[in-house]
Amino acid sequence: MIVQIVSEGGSYSQLKMLVPSITTFWTPLPLVKAMYALEPKLCLAKRSFVAPSFNDVRAILGGAQLNYLADNGLDMVSFDGDVTLYEDGQPLLPDNPVISRLIQLLSRGIYVIILTAAGYPSRTGQEYTDRFSGLLQAIEDSDLKDGQKRKLHVLGGESNYLFAYDPLHGLQWVDADSWMLPVMKTWPHDEILEILDTAEETLRSCIQGLNIDAKIVRKERSVGFVPSLGQKLRREQLEEAVLETQATLQIRNFTVPFTAFNGGNDIWCDIGDKKLGVLCLQHFFNISHPSRCLHVGDQFLSAGNNDYKARAAATTVWVSSPHETIEFLDYYFSFLKK
Ligand code: IMP
Ligand code: MG
């Protein structure tokens, strides 16, 4: 049985009436098929005392999404970095088991994108090369064809800096003129500065007012605060700071989109967002429809989470750890074989 929850035109369903904030589902979702397939892991039918949980529902929705994509085709998968491909703040090391799965996707001619909030404006891409060295080395050593290798890209700073993999030279800067959406090229520089100045001022006042042991980091297209060495910030402080930043920016009615989010142990306000990131890539790669793209990430809890916005441009799978990313990818591959 395939359940069409909300049609692409946004027409009303019972679910839409019960949950008005629900957005477009880009594909039908074979939920029952997914439930049966995931039964060995979830043991829903065998449980007598524990009702289906939020995590069970998340797993079934993710599984159903992957089921549909395995049957109907997939052109691009974008992966968030921290907590999705590797543990928070860690690099993508050679022994990370996700690497062989990413190579498997590339071997099937699928675009593989690391779509991360981490923004480094340097055209050398050295920060990304260092961080993803395990993956880059594995691709270099693999027997993938050059055309398949070239399908790896990194989009950093939500939607700000694009790098393409070149088999001879590694990650190469791609000029914004060729891939950014036309509207993004018209964003007024003054407004970008104003957003970052306003966010910086708010973050400074949060640091002071909430006794947060952190320092401000300002970049070309983002501003944030990071904890002083060895400090673990409290969730409540982080949430308060991010909500305060969002509220302060929202009343200014800026036309340039921004993402203010809680990164787990830091707060950032970036110019742009992951929805735009996915849209730029669809446009650049000439992908016909959001139903042929998947974004995998860990930050979907609310509009204050940075993967959330990708829902508006692609199908999504919400993971809670790098281990779950692997489980979901293996699930996708297992469906392809049938
Ligand atoms: P993601 O999970 O791959 O999107 O990465 C988010 C993390 O990247 C944040 O929690 C930060 O720790 C880190 N980061 C480093 N630089 C930036 C930046 O300029 N903007 C947002 N996040 C950044
Ligand atoms: Mg993340």
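**View 1. The lining of the second largest pocket.** β7 gives the lining of the second largest pocket its largest share, three residues, where strands are DSSP runs (E, at least two residues, with helices being H or I and at least four) numbered from the N terminus. The model is predicted, so that local features need pLDDT of at least 70 and side-chain atom pairs count only at pLDDT 80 or more, while totals for chains, interfaces and linings use all residues. Side-chain values use heavy atoms, without hydrogens and water, residues are numbered from 1 along each chain as its sequence is written, and chains are lettered from A and ligands numbered from 1 in the order in which they are written. A pocket is an open set of points on a 1 Å grid over the protein atoms alone, where a 1.4 Å probe fits and protein lies on both sides within 12 Å along at least five of seven lines, and its lining residues have an atom within 4 Å of a point. Both β7 (222–227) and β9 (267–271) supply at least two residues of this lining. Of the 26 lining residues, D82, A118, R131, D266 and W268 lie nearest the centre of the second largest pocket.

**View 2. Ligand 1 and its shell.** Ligand 1 takes up the space of the second largest pocket, which is to say that more than half of its atoms lie within 2 Å of the grid points. Around ligand 1 there are 17 residues, the closest being D80, T116, K219, D266 and D270, each counted if one of its heavy atoms lies within 4 Å. This shell divides into five nonpolar, six polar and six charged residues.

**View 3. Polar atoms facing ligand 1.** A nitrogen atom of ligand 1 lies 2.7 Å from an N or O atom in the side chain of K219, and an oxygen atom of ligand 1 is 2.8 Å from a polar backbone atom of A117. A polar side-chain atom of N306 is 3.3 Å from an oxygen atom of ligand 1.

**View 4. The largest pocket.** About 850 Å³ of space lies in the largest pocket, a volume being the space filled by probe spheres set on grid points that are joined across faces, edges and corners. Its lining has 29 residues, with I22, F25, L61, R311 and W318 nearest the centre. Two or more lining residues come from each of α3 (54–72) and β11 (315–318), and α3 gives the largest share, seven residues.

Definitions and conventions. Polar contact = N/O pair within 3.5 Å; in protein donor to acceptor, adjacent residues only side chain to side chain. Nonpolar A, V, L, I, M, F, W, Y, C, P; charged D, E, K, R; others polar.
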